[in-house]
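Please look over the sequence and the fold shown below before reading on. The paragraphs that follow take the reader through one part after another.

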Amino acid sequence: QVQLVESGGGLVQAGGSLRLSCVASGRFFSLNDMGWYRQAPGKQRELVARFISGVNTIYAESVKGRFTISRDNAKNTVYLQMTSLKPDDTAVYYCNAQPNPLSNYWGQGTQVTVSS
């Protein structure tokens with residue numbers, strides 16, 4: 001009953017910026033426990049940034065100071081603002097929601113490609 005739709009990915013040069021969006025719909029509790037993950041070819045999916053109970057945020061060490069997670073409750077949307085992008089940031093980025101311990105939802109992913 002929960003749907004997550006990502007958008008905003010694309011091709012950008014190193015040093016550039018992108019903003020990813022994730023729109024949540026359906027039987028959804030809140031945006032308090034949502035986050036962004038990414039998966040590069042041949043690598044495991046990794047945490048990029050997420051909310052914990054809507055107050056705290058955690059970031060992967062590799063993106064601290066460059067990426068910012070935010071939300072707009074009125075629009076049911078979570079954002080990932082990415083700046084100073086590097087080729088190593090190239091991956092498929094996935095939106096995730098875990099509104100309760102028994103539920104875990106994923107979006108379809110959006111491709112981010114950073115060229116040198």
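Asn 76 counts as partly exposed because its relative accessibility is 33%, where buried means under 20% relative accessible area, exposed over 50%, and partly exposed in between (1.4 Å probe, protein chains only). Asn 76 is found in the loop between strand 7 (67-72) and strand 8. Strands here are DSSP runs of E with at least two residues, numbered from the N terminus. Although Asn 76 is not a glycine, its phi is positive, at about 50°.

This is a predicted model, in which local features need pLDDT of at least 70 and side-chain atom pairs count only at pLDDT 80 or more, while totals for chains, interfaces and linings use all residues. Residues are numbered from 1 along each chain as its sequence is written, and side-chain values use heavy atoms, with hydrogens and water left out.

A positive phi also occurs at Ser 84, a residue other than glycine, where the value is near 50°. Ser 84 belongs to the loop between strand 8 and strand 9. With a relative accessible area of 39%, Ser 84 is partly exposed.

Ser 84 is one of the residues in contact with Ser 17, along with Val 12, Gln 81, Met 82, Thr 83 and Leu 85, when neighbours within four places in sequence are left aside. Contact means heavy atoms within 4.5 Å. Ser 17 itself sits in the loop between strand 2 (10-13) and strand 3 (18-26), and its relative accessibility of 40% makes it partly exposed. Ser 17 and Lys 86 are 69 residues apart along the chain, and their C-alpha atoms are separated by 9.8 Å.

Gln 81, which touches Ser 17, lies in strand 8. Gln 81 is partly exposed, its relative accessible area being 31%. Beyond its neighbours within four places in sequence, Gln 81 is in contact with Ser 17, Leu 18, Arg 19, Arg 66, Phe 67 and Thr 68. Between the C-alpha atoms of Gln 81 and Val 55 there are 18 Å, with the two residues 26 places apart along the chain.

Next comes strand 4. Of its 6 residues, 5 are buried, so that strand 4 is mostly covered.

Arg 38 forms one with Asp 89, the closest N and O atoms being 3.0 Å apart. This pair links distant parts of the chain, 51 residues apart: Arg 38 is in strand 4 (residues 34-39), and Asp 89 is in the loop between strand 8 (77-82) and strand 9. Both partners, Arg 38 and Asp 89, are buried, and for Arg 38 the relative accessibility is 5%. Arg 38 also meets Glu 46 in a salt bridge, with 2.8 Å from N to O. Glu 46 is partly exposed, at 30% relative accessibility. A network of salt bridges links Arg 38, Glu 46, Arg 66 and Asp 89.

Another salt bridge brings together the side chains of Lys 64 and Glu 61, at 3.2 Å from N to O. Lys 64 is partly exposed, with a relative accessible area of 48%, whereas Glu 61 is exposed, at 62%.

Is Asn 96 buried or exposed? Asn 96 is buried, because its relative accessible area is 2%. Its side chain makes a polar contact with the side chain of Asn 104, at 2.9 Å. A polar contact is a pair of N or O atoms within 3.5 Å; within protein, one must be able to donate a hydrogen and the other to accept it, and residues adjacent in sequence count only if both atoms are side-chain atoms. Not counting residues up to four places away in sequence, Asn 96 touches several residues, including Asp 33, Met 34, Gly 35, Tyr 37 and Trp 106.

Technical notes. Helices (H or I, at least four residues) and strands (E, at least two) are DSSP runs, numbered from the N terminus. A salt bridge is a side-chain nitrogen of Lys or Arg within 4 Å of a carboxyl oxygen of Asp or Glu.
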